[in-house]
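Hi,

Here is the structure I promised to pass on to you. Have a look at it first, and then read my notes below.

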Number of protein chains: 2
Amino acid sequence: MKTVKDAELRRQEILMTARELFIKKGYDKTSVNDILKVVDIAKGTFYYYFSSKEEVLEAIIIDIVEEGATKARRILNEQSIPLLNRIMMAMMAQKPDFEGSEEIKEELHKVENVKLHRIYLREMIKKMTPILEPLMLEGIDQGIFSIEYPTECIESILLLGHMMFDDSDVFEWTSDEFPKKIQAFLSNMERLLGTKKGELEILIQMFGQL
Amino acid sequence: MKTVKDAELRRQEILMTARELFIKKGYDKTSVNDILKVVDIAKGTFYYYFSSKEEVLEAIIIDIVEEGATKARRILNEQSIPLLNRIMMAMMAQKPDFEGSEEIKEELHKVENVKLHRIYLREMIKKMTPILEPLMLEGIDQGIFSIEYPTECIESILLLGHMMFDDSDVFEWTSDEFPKKIQAFLSNMERLLGTKKGELEILIQMFGQL
């Protein structure tokens with residue numbers, strides 16, 4: 001008899017296989033049949049868990065975002081680290097590392113996978129905004145930040161950070177341009193957060209690129 | 001005998017047809033053959049002008065961006081309009097209106113056309129940044145702005161404005177949330193531009209949504 005645990009394992013097996021196929025072959029070129037073949041299940045079993053390939057993709061991305069959010073939460077709870085450092089570290093830690101494989105990252109930047117990126121961005125902002133919001137309020141209380149619209153401030157920072165540094169095909173910056181772009185980003189973050197000037201610049205070494 | 005003018009007309013004919021097909025059928029589902037059939041030309045003629053379907057798409061988007069940039073330049077040259085109003089009007093005017101058709105706009109927001117959007121964003125920022133840069137410097141000279149990184153300030157504003165208000169599938173805001181989102185965006189713009197507080201809020205009626 002199948003248990004709840006078996007069902008959850010089967011679902012995870014489908015997700016892991018699909019994730020691998022989407023990355024190797026591209027999302028568009030992977031069919032539900034391709035997934036069935038590798039997992040070795042019937043079509044009906046697949047559709048018991050997911051209504052479409054699109055739904056599988058969304059579930060995978062939500063998993064990736066959740067993995068990042070878990071890392072961020074762990075850092076944000078470290079009360080011994082100063083608030084600003086914690087926020088910066090959490091924002092950098094939540095980036096998906098896709099098991100650290102450069103090959104997979106390159107694959108994700110190909111045009112065919114733009115759909116995947118798009119859903120990632122939407123889900124990442126949806127998940128990370130409420131996680132970072134209490135930290136904004138803590139910063140306001142401590143007099144480090146001066147923010148009128150905390151939610152929108154985080155939304156803007158997450159969007160800018162992601163589009164500029166995690167998703168390199170909108171801005172085609174050369175490696176020579178990067179140091180200035182990072183400095184400008186930190187300066188713009190200071191303005192959005194309403195910190196003292198230079199407050200974030202001392203955290204620049206975190207980027208490890210200057 | 002074919003003239004240079006004929007060649008340019010033929011190129012434009014291919015672009016116009018492809019633009020219509022990409023919008024109607026979606027980019028992925030349109031083949032080079034579909035384009036050939038409608039324009040009624042041989043394969044060789046097509047490949048004389050473009051090396052691939054992707055190249056046609058890029059050319060279409062560069063045309064759309066150029067159309068927007070032309071509108072923006074016209075406004076930015078209107079010396080009689082105050083600087084801040086000119087910048088806001090130019091940023092809003094450069095949005096592609098796709099001949100004003102709601103149907104086409106909806107089509108462009110479908111997931112399949114995410115590729116098209118991506119190239120649009122990249123080309124729009126590439127084109128609009130140098131157009132707006134002299135205005136930033138003018139604002140600094142006039143003491144209206146206080147900006148350390150003018151190029152990056154424009155890049156951030158264009159990116160945020162586009163992703164938040166022209167490209168509605170990243171943030172799934174309800175119409176109730178919009179007034180606050182617009183106010184927050186203007187407040188964040190003020191911070192990035194280093195204007196006096198409230199300087200942009202008086203321009204809020206331009207959004208016509210509050």
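Two residues are in contact when they have heavy atoms within 4.5 Å of each other. With that in hand, 64% of the contacts in chain A with a separation of 6 or more are between residues 24 or more positions apart.

A word on where this comes from: the model is predicted, local features need pLDDT of at least 70, side-chain atom pairs count only at pLDDT 80 or more, and totals for chains, interfaces and linings use all residues. Residues are numbered from 1 along each chain as its sequence is written, chains are lettered from A and ligands numbered from 1 in the order in which they are written, and side-chain values use heavy atoms, leaving out hydrogens and water.

Chain A has 9 helices and 0 strands (DSSP runs numbered from the N terminus: H or I of at least four residues for helices, E of at least two for strands). Of its 210 residues, 52% are buried, meaning under 20% relative accessible area with a 1.4 Å probe and protein chains only.

Now find helix α9 of chain A, residues 178-193. Because 13 of the 16 residues are buried, α9(A) is largely enclosed by the rest of the structure. Just after this helix, G194(A) takes a positive phi of about 65°.

Which way does α8(A) run relative to α9(A)? Helix α8 (residues 150-166) of chain A packs against α9(A) at an angle of about 175°, with the axes 10 Å apart (axes are lines fitted to C-alpha atoms over the stretch in contact, and angles run from 0 to 180 degrees between N-to-C directions). That makes the two roughly antiparallel, the word for angles over 145 degrees. Among the residues making the contact are I157(A) and L160(A) of α8(A), and F185(A) and M189(A) of α9(A).

Happy exploring!

Key:
Expected span 1.5 Å × (residues − 1). Buried < 20%, exposed > 50% of the residue type's maximum accessible area, 1.4 Å probe, protein only. Parallel < 35°, antiparallel > 145°, perpendicular 65-115°, else oblique.
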